[in-house]
Amino acid sequence: MTDRAAGLPAAATVLLGQAEAALQAQDPQAAEVALDGVLAILPDCAEALRMQGVVRHLRGDYVAAVAVLQRARALQPDDPLVRMNLATALFAAGEPAAAIAGLQRCCAMAPGFAPAWFNLGKMYMLQQRPAGAVTALHRALDAEPGHVPSRMLLAQAQASLGALEPAGENYRAVLRLQPDQADAWVGLADLETARFSAADAAQLEQLLGSPLASPRARVCLGFALTRALEDQGDYAGAFRTLRKANAQMYRQLAWNPARATAQMQAMRRVFDAPRAGAADARLGEGMIFVVGMPQAGSRLTVQVLAAHPAVAVVDETQVVEQVLKAETQRLRQPRAQWMAHATPADWQRLGQEYLARTASWRGDRACLVDRTPDNWRLVGAIRAMLPGARVVDSRRRALETCFSCYRQLFLDRHEFSYDLDHVVGCWSDYDALCLHWRQLFPGGFLEHHYEAWRAEPVLQVRRLLAFCALPFAPACVDVHDGGERIVGSVAELMRRDSERCAAYGKELKRLRALLRMRGAGE
């Protein structure tokens with residue numbers, strides 16, 4: 001795998017070296033110039049074609065990347081690196097089945113090639129198949145125990161499956177290899193079973209004081225230190241650290257709360273009263289959309305529903321958003337504008353498009369649950385596209401929800417969460433719009449409260465299943481898998497959030513005041 005230019009003319013070897021250096025420097029233009037020089041000398045140089053495919057991939061031209069890499073594979077059919085690059089390009093081009101099949105073949109050809117197993121695990125994770133990812137990533141680590149990306153992704157896959165202890169062990173293994181690995185620290189902090197020592201807290205404070213830490217790393221380390229200080233009982237210090245980390249993250253973003261509120265209000269105006277949706281009033285029957293604020297229990301709600309034998313689940317696919325975005329681009333009109341004039345035929349077409357995109361996930365199950373919490377903004381459009389669908393709003397107490405958002409590092413989403421005023425503002429927008437949806441769709445919109453579920457699980461599960469038109473299933477009350485409660489870690493985390501709010505005491509005085517100003521009970 002190392003001597004990719006063996007046997008080539010000296011001039012071509014020099015140019016390939018220049019192209020590789022340019023790629024490492026993230027300069028695809030310089031890499032392409034060097035590769036053009038190689039291909040002028042050797043038009044059928046498989047290595048130059050492979051690297052050219054990588055350049056096309058980096059530029060986002062996935063179709064061209066696939067075409068070039070297929071030429072390279074025809075020249076070198078037994079080259080695992082070519083096959084791996086082709087598979088990743090296929091995945092980016094929207095061909096996941098072909099990509100995974102290609103990587104499986106690559107792994108069979110070169111079972112000791114850790115990057116191929118890593119990419120297979122990554123694809124499984126992107127396809128919401130964490131069990132497959134765990135298997136692939138273990139193979140990557142068998143081949144190369146020190147492959148840090150594989151161990152990091154394995155920890156994430158294990159955590160998603162509820163295997164928190166093994167996940168913590170893998171994060172700790174990464175930190176033994178790379179003590180300043182900020183993502184490992186914050187991943188460990190997200191595990192409720194993890195415990196931070198005073199030595200961990202001291203090490204995190206030392207890392208935060210290092211001038212080498214990038215802005216992103218400083219944010220990650222700050223959130224991890226918050227958790228470490230909590231474990232030492234220093235809630236005043238934890239809140240100071242958390243406030244500083246959130247402020248650092250906020251400065252890196254461009255969150256516009258006024259625009260977010262305006263978008264929410266625009267959706268309310270479009271769907272101010274019941275409007276004619278899809279012509280087929282039964283379109284979408286068996287579809288359940290679970291929405292809500294982040295950290296408010298939507299995952300727990302879905303775990304309860306997923307225990308039902310008639311239910312399939314798809315998690316955070318953004319398919320509704322994708323369908324609406326495609327229509328906005330096609331019409332070249334603002335979303336609220338075309339929605340206000342959409343006909344029943346338009347909504348029918350969009351609803352059928354959603355169902356076509358999700359058909360493979362549903363299979364032969366009577367019910368498909370789509371957990372995309374941010375869809376609370378789009379309930380009007382969902383009900384117009386799919387009038388037979390039902391929407392479940394997962395809720396818990398405002399104080400725990402808002403503080404949990406502020407305490408959680410999301411990195412690539414939920415930009416509102418890094419400022420308390422904006423957290424409460426977003427909660428207020430959500431609360432007002434969901435009240436509107438509940439009034440507009442009294443038979444198709446259900447509030448499912450975490451606190452009520454904890455107090456009366458059987459009663460609340462019966463209520464939830466009845467709303468979803470599902471017969472009662474005892475497994476939904478005692479959610480388990482192989483004798484192990486898979487819902488436990490989520491419920492435990494939410495219970496501890498209540499304890500944390502109490503422990504932070506006066507540090508949350510301002511948050512409580514902001515909620516009272518918005519008319520929200522704690």
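Residues are numbered from 1 along each chain as its sequence is written. Because the model is predicted, local features need pLDDT of at least 70 and side-chain atom pairs count only at pLDDT 80 or more, while totals for chains, interfaces and linings use all residues, and side-chain values use heavy atoms, with hydrogens and water left out.

Begin by selecting residues 80–92, helix H5, together with residues 96–109, helix H6; helices here are DSSP runs (H or I, at least four residues) numbered from the N terminus. Their axes, which are lines fitted to C-alpha atoms over the stretch in contact, lie 8 Å apart at an angle of about 165°. H5 and H6 are therefore roughly antiparallel to each other, a term for angles over 145 degrees.

Next, select Trp437, which touches Met267, Phe271, Trp376, Arg377, Val379, Gly380 and Phe445, not counting residues up to four places away in sequence (contact means heavy atoms within 4.5 Å). In the largest nonpolar core, which has 98 residues, Trp437 is among those that touch the most other members, as are Phe271, Phe289, Met339, Trp347 and Phe403. Such a core is a set of buried Ala, Val, Leu, Ile, Met, Phe, Trp, Tyr and Cys residues joined through side-chain atoms within 4.5 Å, where buried means under 20% relative accessible area with a 1.4 Å probe, protein chains only. Helix H22 (residues 420–440) gives the largest share of this core, 10 residues. For the second, separate core of 33 residues, select members including Leu81, Ala114, Phe118 and Leu153.

Finish with residues 398–407, helix H21, where 10 of the 10 residues are buried, so H21 is largely enclosed by the rest of the structure.

Conventions. Axes fitted to C-alpha atoms, helices over the stretch in contact; angles between N-to-C directions. Helix = DSSP H or I, 4+ residues; strand = E, 2+ residues; numbered from the N terminus. Parallel < 35°, antiparallel > 145°, perpendicular 65-115°, else oblique. Buried < 20%, exposed > 50% of the residue type's maximum accessible area, 1.4 Å probe, protein only.
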